[in-house]
Each structure stands twice: as C-alpha cells, then as structure tokens.
Amino acid sequence: ALYQFEEAINDYQEAHKNKQNMDVDAVIKKLKKVANMNFFGYAHRMSFYTIGNLYYKEKKFKEAHTYLLKFARKDSSHLAPLAMIKAALALENLKTLPKAVALLKEVEDSYDDTLMYDLILYHKARLFKKQGNTLAAISQYNKIIMKYPKSIYAKRAKNQIFLINLKKAQ
C-alpha cells in the first residue's frame with residue numbers, strides 16, 4: 001500500500017512540477033484504492049489526508065470535509081488538529097457556519113496543547129464575527145491576545161477588535 005501511495009503522490013508532484021494538467025480525479029481514485037487496501041497504517045491514513053486536501057484545492061468542500069475528518073479521526077499526529085481546522089474551513093465554504101464553529105470547538109477541546117491553538121481560536125473568533133456574534137468574537141480575540149501575545153494572530157486579533165469597535169461607533 002505504501003508503494004502505491006508514494007506512486008500516486010509522485011505522479012501528482014511530477015505533473016505539478018512540469019506544469020502539466022494533472023487529472024486530480026485520477027490521483028484521488030488511486031489514493032482511494034490505497035485507502036481501501038488496508039484498514040490502518042501510514043498509507044491508509046495519509047491517503048485520507050491527501051484526498052481531503054486535493055478536494056479542498058478543487059473547491060469540493062463537502063468531500064474535503066469528509067476525508068479530512070476521516071483522517072483526523074484515525075490519526076494522532078500533529079496533523080490531526082490541522083485536518084480538523086481545514087475541515088471546519090470547508091464547512092465555512094459550504095455556508096454551514098454553526099457546524100464549522102462546533103468543529104472548531106471540538107478541536108479546541110481535544111487539542112488544547114497543540115501549537116496551533118491560537119489559530120483555532122482565531123478561526124473561531126472570525127466565524128463568530130461572520131455570524132454577527134461580535135461579543136463572542138471579541139472574547140476569542142482577547143483570549144488570543146492574553147495567551148499568545150507574540151503570535152501573529154494576536155496582532156490580527158487586535159486589528160479585528162479595533163474594526164469591530166469602530167463599526168459599533170459609527
């Protein structure tokens with residue numbers, strides 16, 4: 001299975017490097033075959049992750065969400081929270097903001113020790129703002145500023161709080 005996984009990835013990378021039109025669906029089909037060869041293992045899990053990211057790149061957000069979550073539910077590496085964040089962004093693109101926020105909350109609760117915690121909070125705040133819940137957004141932005149003052153997201157959070165308050169003042 002690992003050989004077939006690497007072969008599919010190499011084909012995709014070669015076509016991308018040579019600026020050839022790559023049939024992404026063909027790569028996805030190969031990776032699905034790899035994923036179905038076994039029920040566990042690196043090639044099995046990474047096939048789901050790669051399929052999810054390819055679907056996301058192709059703007060097939062429903063499929064991206066499904067495969068990224070399949071990966072995250074089977075994996076315990078540092079990529080699991082990242083896959084869940086991207087699955088939440090796929091839900092955002094599908095205009096299902098409450099589900100996206102709920103998934104980010106799950107990531108926040110499950111991976112409170114991840115290096116991406118500020119990113120999780122930032123996306124939650126951004127989605128709260130998008131839903132019109134500015135109090136929740138400001139609360140999340142403040143959490144970032146307090147817990148991660150040197151983070152790039154702390155600077156962005158300060159800017160967002162400023163913009164929210166500026167809009168309220170108008």
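Me: Before we start, what should I keep in mind about the model?

Reply: It is predicted: local features need pLDDT of at least 70, side-chain atom pairs count only at pLDDT 80 or more, and totals for chains, interfaces and linings use all residues. Residues are numbered from 1 along each chain as its sequence is written, and side-chain values use heavy atoms, leaving out hydrogens and water.

Me: Which residues of α2 are buried?

Reply: First, the general idea: an α-helix has 3.6 residues a turn, so residues three or four places apart point the same way. In α2, the buried residues are Val24, Val27, Ile28, Leu31, Val34 and Ala35. Seen down the axis of α2, they fall within an arc of 120°, so they line one face of the helix. The arc is taken from the directions from the helix axis to the C-beta atoms. Buried means under 20% relative accessible area, exposed over 50%, and partly exposed in between (1.4 Å probe, protein chains only). Helices are DSSP runs of H or I with at least four residues, numbered from the N terminus.

Me: And which exposed residues does the face turned away carry?

Reply: That face of α2 carries Lys29, Lys33 and Asn36.

Me: What is the phi of Lys59?

Reply: Most residues other than glycine have a negative phi. Lys59, not a glycine, has a positive phi of about 65°. Lys59 sits in the loop between α3 (42–57) and α4 (61–74), and is exposed at 63% relative accessibility.

Me: Where is Lys95?

Reply: Lys95 is in the loop between α5 (79–93) and α6 (97–110). Its phi is positive, about 65°, and Lys95 is exposed at 69%.

How values were computed. Helices (H or I, at least four residues) and strands (E, at least two) are DSSP runs, numbered from the N terminus.
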